[in-house]
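Here is a short briefing on one protein chain.

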Amino acid sequence: MDKLIIRGGKRLQGTLDVAGAKNAALPELCAALLTAEPVTLSNVPRLQDVSTMLKLIRNMGVSAEHHEDGRVTLDAGGLNNPEAPYELVKTMRASVLALGPLLARFGHAKVSLPGGCAIGSRPVDQHIKGLQAMGAVITVEHGYMLASLPEGRTRLKGAHITTDMVTVTGTENFMMAAALAEGETVLENAAQEPEIGDLAEMLIQMGAKIEGHGTRRIRIQGVERLHGCEHQVVADRIEAGTFLCAVAATGGDVVLRHGRADHLEVVIEKLRDAGATIEAGEGFIRVKADGRLKAQSFRTTEYPGFPTDMQAQFMALNCISQGASKVTETIFENRFMHVNELVRLGAHIQIDGKVSVIEGVEKLSGATVMATDLRASASLVIAGLVAEGETIVDRIYHLDRGYDRMELKLRGLGADIERVK
């Protein structure tokens with residue numbers, strides 16, 4: 001099992017390229033299942049989750065190749081096995097995104113219920129409820145969702161869908177299914193994340209009729225068939241935000257090429273309030289910090305609020321900032337598992353239910369810590385970059401799920417970091 005060894009105290013300086021977004025690439029790989037024509041995605045990051053999704057759709061009979069230049073070429077014309085087995089789904093909850101496209105194009109699908117998730121439950125009941133509103137017959141048997149159309153129907157039908165809570169993957173599943181449904185579908189309480197908009201733009205290139213993406217109300221007019229397309233995956237706002245926090249923590253000066261400041265407004269505002277200098281323009285974000293920053297309190301919520309996927313990284317910054325701060329997590333019930341590991345490095349943090357109270361310290365000290373989930377891994381790397389001495393981050397397979405060779409990018413900015421077997 002790989003580990004990272006970090007020798008802290010190095011100031012990050014230079015330029016790096018922000019990778020394509022994992023949370024856009026995964027649903028867009030599934031969107032290729034909606035057509036029998038070739039699809040090409042560019043700027044696809046080399047991540048464990050992407051590899052898992054490619055393995056999943058190849059298992060269905062799809063031709064899929066990830067090229068060295070970041071392109072993925074897909075051809076679902078030979079898809080002959082509309083099933084997502086547990087062996088693959090258990091490692092990645094985003095596999096549920098295959099359900100909507102398979103059902104819409106083939107009229108039936110068999111998709112395993114996803115397994116447990118360390119940061120909290122993400123139930124699929126909203127997916128089932130929405131697809132049933134579109135006419136699907138769905139039963140759960142032996143750990144699988146078995147979906148089909150009623151006898152005599154060849155297409156899903158448009159529907160008015162209001163979810164009980166904002167769900168990103170639910171919005172994506174409904175949008176893909178509705179693209180081939182008969183009539184109009186209206187999604188109320190839809191997620192507004194940039195990755196939703198990016199998927200919608202890809203579907204529109206394929207011939208879908210969608211409007212309102214990026215708002216709480218999305219309208220989709222179904223069409224009989226979709227065609228192939230070429231689409232570039234949007235830049236990963238969470239990777240960009242993670243590096244912004246890392247640079248701010250180390251008192252560095254870095255330009256993030258391809259970064260989208262308009263997708264990170266609330267995080268950038270908090271960093272500026274903390275004392276970091278941030279400039280942004282077309283295709284770049286520059287962050288500069290000097291000396292200890294001021295701790296910032298925040299509350300996670302759905303986009304465009306403070307993202308839960310940035311909570312752990314900003315908490316690591318707060319640990320070595322001046323003053324006290326309060327972090328309230330409203331999205332996932334178990335997303336403070338990094339706290340005990342940060343405390344091992346010398347952080348002062350108290351947890352009370354959904355709230356963590358952090359008292360900033362002048363310095364952290366290196367130790368061996370264990371990653372518990374994807375974003376927790378990133379927070380431990382940030383803490384290790386500023387800790388005195390050597391920090392070892394174990395179980396970094398979590399990190400590889402969402403960051404494209406993070407240690408190489410950090411080393412290019414001057415960090416003393418290496419991966420060891």
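The model is predicted: local features need pLDDT of at least 70, side-chain atom pairs count only at pLDDT 80 or more, and totals for chains, interfaces and linings use all residues. Residues are numbered from 1 along each chain as its sequence is written, and side-chain values use heavy atoms, with hydrogens and water left out.

- Domain 1 gives 23 residues to the contact, and domain 2 gives 19 residues. Contact means heavy atoms within 4.5 Å.

**Asp236**

- Where is Asp236 found? Asp236 sits in the loop between strand S14 (230–232) and helix H8 (237–250). Helices (H or I, at least four residues) and strands (E, at least two) are DSSP runs, numbered from the N terminus.
- Asp236 is buried but has no salt bridge. Buried means under 20% relative accessible area, exposed means over 50%, and partly exposed lies in between (1.4 Å probe, protein chains only). A salt bridge is a side-chain nitrogen of Lys or Arg within 4 Å of a carboxyl oxygen of Asp or Glu.
- The nearest side chain of opposite charge to Asp236 is Arg375, 5.3 Å away. For charge, Lys and Arg count as positive and Asp and Glu as negative, while His and the chain ends are not counted.
- The side chain of Asp236 does reach the backbone nitrogen of Lys22, at 3.4 Å.
- Leaving aside residues up to four places away in sequence, Asp236 touches Val18, Ala19, Gly20, Ala21, Lys22 and Gly402.

**Salt bridges**

- How many salt bridges are there? The count comes to 26.
- Glu37 and Arg225 form one of them, at 2.7 Å from N to O. Glu37 lies in the loop between helix H1 (22–31) and strand S3 (39–42), and Arg225 in the loop between strand S13 (217–221) and S14, so this pair ties together parts 188 residues apart in sequence.
- Glu37 is partly exposed, at 29% relative accessible area. Arg225 is exposed, at 55%.
- Arg153 and Glu182 meet in a salt bridge at 3.4 Å, N to O. Arg153 is in the loop between S9 and S10 and Glu182 in the loop between H6 and strand S11 (184–188), so the pair links parts 29 residues apart in sequence.
- Arg153 is partly exposed, at 32% relative accessibility. Glu182 is partly exposed too, at 45%.
- Asp253 pairs with Arg286, and their closest N and O atoms are 2.7 Å apart. Asp253 belongs to strand S15 (residues 253–257) and Arg286 to strand S17 (residues 284–288), so the pair ties together parts 33 residues apart in sequence.
- Asp253 is buried, at 17% relative accessible area, whereas Arg286 is partly exposed, at 27%.
- Shared partners join Asp2, Asp400, Glu407, Arg419 and Lys421 into one salt-bridge network.

**Helix H5**

- Which residues of helix H5 (residues 125–133) are buried? They are Gln126, His127, Ile128, Gly130 and Leu131.
- These buried residues pack against helix H4 (99–106), strand S8 (137–141), strand S9 (144–148), strand S10 (160–162) and helix H6 (168–179).

**Pro114**

- Pro114 lies in the loop between strand S7 (108–112) and H5. Pro114 is buried, at 16% relative accessibility.
- Pro114 touches Val89, Arg93 and Val124, not counting residues up to four places away in sequence.
- Pro114 and Met145 are 31 residues apart in sequence, and their C-alpha atoms are 10 Å apart in space.

**Cysteines**

- A search of the whole structure finds 0 disulfides. A disulfide here is a pair of cysteine sulfur atoms within 2.5 Å.
- Cys30 is in no disulfide, and the nearest cysteine sulfur, that of Cys229, is 14 Å away.
- Cys30 is buried, with a relative accessible area of 0%. Cys229 is buried as well, at 8%.

Definitions and conventions: A polar contact is a pair of N or O atoms within 3.5 Å; within protein, one must be able to donate a hydrogen and the other to accept it, and residues adjacent in sequence count only if both atoms are side-chain atoms.
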